[in-house]
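Good morning, and thank you for coming. I shall present one structure today, and I would ask you to keep the sequence and the model in view as I speak.

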Amino acid sequence: MRLAPLLLIALLAAPAPAAADPQENAQGAAATAAAPAPVAQPAASPAPIEEPCPQFGLQFAMGAPDGLVLSLVYSPLSWLLLDAGFAYTLAPGLVLGVEFRPIDFFVSPIIRGEYGYYFTGNTAEQIKKWSGLPEASWPLVGDASYNWFSGLLGIALGSRRGFTFTVEGGVGWLSLNVKGGSGTIDNGQITTADWKAQSFMPVARLSFLLFF
Amino acid sequence: MKRILLAALVPTALSIAGCGSFYAQAEQPEVCITVPPQTFTLPTGGLAVAPPGGFQDTFSGQVDLGISDALPDLLVNGSPDNHILRFLSLEASITSSSAAANFNWLDDLSLTVSNGGLTEQLAFFAGGMTTGSKILRIGPLDAGNNIVAYLRNGSMVLTLEGAIAIPAGAQIPSSWTASVQGCFSARVKETFQEMIDGTK
C-alpha cells in the first residue's frame, strides 16, 4: 500500500481545529451543555481603600528650651506636619515647627525644625537672680526676651491617623536680649547699654499629638 | 524596642559628648560708672601765681571704680582666656566746688591700671587743653586690650598721672575736683564642659 494515500487519509481523518464538522460541533456543544456548568466564582473583592491621614491635630509638648507648648497641627501631606502653638516658660511665647515623617507606620523617624519667640515676662527677674548682681544693681537689668531655632531628630510612636507620642533631641541656637538701665549705687551713677547672651546648646522635646 | 531605645539614647549621648562644642556667651557693649566727685591735690611749690617762665610740675591720683556693681560676676570673674574687659573711655568734669575752675593747667595725662607687679597704660592725653575747658575725655590707646586681669575684688583702680604747665602770672590751683566716669565693655564665652567642670 502506498504511503502517500495513507498520509492523505490520516490528514483527512484528523479533526481540523478551525473548520470542524458542524455536526461534530453540535455534538460537542451538546456534550458541553450537558456537563454541569462551572460554579461562578464570586467577583474578586476590590483592594481595600487606605484610610486617608487626618489633616489636623492638636499637640501638647514639653521640652527645653520650648517649655510647655500647645499647638495646632496641619498636615497638607501625609509625611509633612506644620504646627503653630502657644508656649510658656518664664514668659509667654509662640513656637512654629515643620516636621517630616517619612514612614506611615507605628514607629516612624522624625526630622523637625522649629523656631520659638518668648516675650518679656518674668525673664528679667530670673536673670537678676541668676546673674549674681547685688540687689542694688537690679535696676540695671531691663526687660528681657529671647528667641531660638533648633533642629531635632526623633521617633514617633503611634498611629498617624490617631494618637502619637514622640521623643526628640537635637541642637539649637538661643539668643537672649536684655534692655539696659541706670541706677544710683554707692552714691555713684551706673548706666548699662542693652546687652545680649547667646548659646549653642542641646535641645530635647516630648510631645503628644492627637489627629482628628 | 531596641531601636526605639537607641533612637532616644543617641541624641542624649551626642549631647553629652558635645559638651565641649556647646557653649554660652554674653556681651555687655557698654557700661559707664560715674563715681562721686573726686578731689586730686596739685603741687604748688608754695606759690600762688606762676613765676616768670611759668610753672611746671607733675601730679598723680587714683580713682576706684566698682565694676562688680555694674557687671555680673560671670562676666568679669575668671580667666582672661575667655573673659574680656575693655576700657572704652574716661571723662572728668570739673565741678563747681573745684579749686581749679578748668583744665587750663593740664599739659598731659596718663591713665594706668596695675595689679601686683603688672601695669598697663590704658590712655594718654597730651598737648594741653582748650582754654577754659572743663571736660576732659580720653579714649583707649589699644581698643582691643583685655584688662580683666587688673580687677581686684571686683574693683578697677585707675591711676592718673599728669604734667602741669601754667604760664607766668597765672594762678596755680592747689587741687582739682571732678566727677569721673569710666566706660567699659565686657564679654565672656564658656563651653558647657567648662561650666560643668567649674573651670573658667
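Let me begin with charge pairing. Over all chains, the structure holds 10 salt bridges, a salt bridge being a side-chain nitrogen of Lys or Arg within 4 Å of a carboxyl oxygen of Asp or Glu. One of them joins A:Glu99 to A:Arg112, with the closest N and O atoms 3.0 Å apart. This pair links distant parts of the chain: A:Glu99 lies in strand E4 (residues 92–100) of chain A and A:Arg112 in strand E5 of chain A, 13 residues apart. Helices (H or I, at least four residues) and strands (E, at least two) are DSSP runs, numbered from the N terminus.

A word on conventions. This is a predicted model, in which local features need pLDDT of at least 70 and side-chain atom pairs count only at pLDDT 80 or more, while totals for chains, interfaces and linings use all residues. Residues are numbered from 1 along each chain as its sequence is written, chains are lettered from A and ligands numbered from 1 in the order in which they are written, and side-chain values use heavy atoms, with hydrogens and water left out.

How confident is the prediction? The model scores ipTM 0.79 and pTM 0.76. Chain A has a mean pLDDT (the predictor's confidence in each residue, from 0 to 100) of 81, and 76% of its residues reach 70 or more. Within chain A, confidence is highest in strand E5 (residues 107–118), at 96, and lowest in helix H1 (residues 3–13), at a mean of 43. For chain B the mean is 85, with 89% of residues reaching 70 or more. Residues 1–8 of chain B stay under 50.

I turn to the strands of chain A. Pairing here requires that DSSP finds at least two bridges between two strands. E7(A) and E10(A) run antiparallel and are joined by 16 bridges; in this pairing A:Val167 stands opposite A:Leu206. E10(A) is also joined to E1(A), again antiparallel, by 8 bridges, and A:Leu58 stands opposite A:Leu210. In the loop between strand E1 (56–64) and strand E2 (67–77) of chain A we find A:Pro65. A cis peptide bond joins A:Ala64 to A:Pro65, with omega about 0°. As background, most peptide bonds are trans.

Finally, the interface. How many residues does each chain bring to the contact? Chain A gives 31 and chain B gives 27, contact meaning heavy atoms within 4.5 Å. Together the chains bury about 2,200 Å², 62% of it on carbon and sulfur atoms; buried area is the accessible area (1.4 Å probe) that two parts lose on being put together, summed over both. Between chain A and chain B the count of salt bridges is 0. On the side of chain A that touches chain B, strands E6 (144–158), E7 (163–178), E9 (188–192) and E10 (195–211) each give two or more residues. The largest share, 8 residues, comes from E10(A).

Strand pairing also crosses between the chains. E10(A) and E1(B) pair in the antiparallel sense over 5 bridges, and A:Gln198 stands opposite B:Gln25. E9(A) pairs with E1(B) (residues 23–41) as well, antiparallel over 4 bridges, and there A:Thr191 stands opposite B:Cys32. Thank you for your attention.
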